[in-house]
Amino acid sequence: MKKLLLLLFSLMLTLNSFAEEVFYCSSELATGLIMENGEWNTTEYETNRFTIKFNDNYSTLSGLESWPLYCEQTPNNVNEDIVVCSPPVGADRFIFEKELKRFVYLRGASSGYVTNEEFSTWIEAGTCQSF
């Protein structure tokens, strides 16, 4: 009986690993807006490297924030390979093209410049590799 349970557990782990897509990503461009001495300016930001994980149907993305982002295909199914991911609250967006493995990540869009607060708004763009 123990062997059967061990076999079933191992099989579940194996099947689960195929159900997720894991990518190692690097931003190549990072730019945005920053308030300096009461004035808004454009600036360059440091590029980032991070690992992300989509669930099997690309409806959930984890690894960018401490909570999952929820994803959907582009409106009107313009391109089935593009998914747009956003948090439950806020205007951040992570846009990913599945075949080319390219992304754009818009951060801090609901604050910063829009609300004239000293909080940066920036965009990163780059590529990912299958893990």
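This report covers the salt bridges and a nonpolar surface patch in a predicted model.

## Salt bridges

The model contains 2 salt bridges. Side chains of opposite charge can pair when their charged atoms come close.

## Lys53 and Glu20

Lys53 pairs with Glu20 in a salt bridge whose closest N and O atoms are 3.8 Å apart. The two residues come from distant parts of the chain, 33 residues apart. Lys53 belongs to strand S3 (residues 49-54), while Glu20 sits in the loop between helix H1 (2-18) and strand S1 (21-36).

## Glu124 and Arg107

In the salt bridge between Glu124 and Arg107, the closest N and O atoms are 3.5 Å apart. Glu124 lies in strand S9 and Arg107 in strand S8 (residues 102-107), so this pair ties together parts that are 17 residues apart in sequence.

Glu124 has a relative accessible area of 1% and is therefore buried, the limit for buried residues being under 20%.

## Nonpolar surface patch

Ile95, Val104 and Ile123 form a nonpolar patch on the surface. Together these residues have about 190 Å² of accessible area.

With a relative accessibility of 34%, Ile123 counts as partly exposed, whereas Glu124 is buried at 1%.

Terms used: Residues numbered from 1 in each chain as written. Predicted model: local features only at pLDDT ≥ 70, side-chain atom pairs only at ≥ 80, totals over all residues. Heavy atoms only, no water. Patch = residues over 30% accessible without salt bridge, like charges linked within 9 Å, V, L, I, M, F, W, Y side chains within 5 Å. Areas by Shrake-Rupley, 256 points an atom, 1.4 Å probe, with all protein chains shown as cover. Salt bridge = Lys/Arg side-chain N within 4 Å of Asp/Glu carboxyl O. Buried < 20%, exposed > 50% of the residue type's maximum accessible area, 1.4 Å probe, protein only. Helix = DSSP H or I, 4+ residues; strand = E, 2+ residues; numbered from the N terminus.
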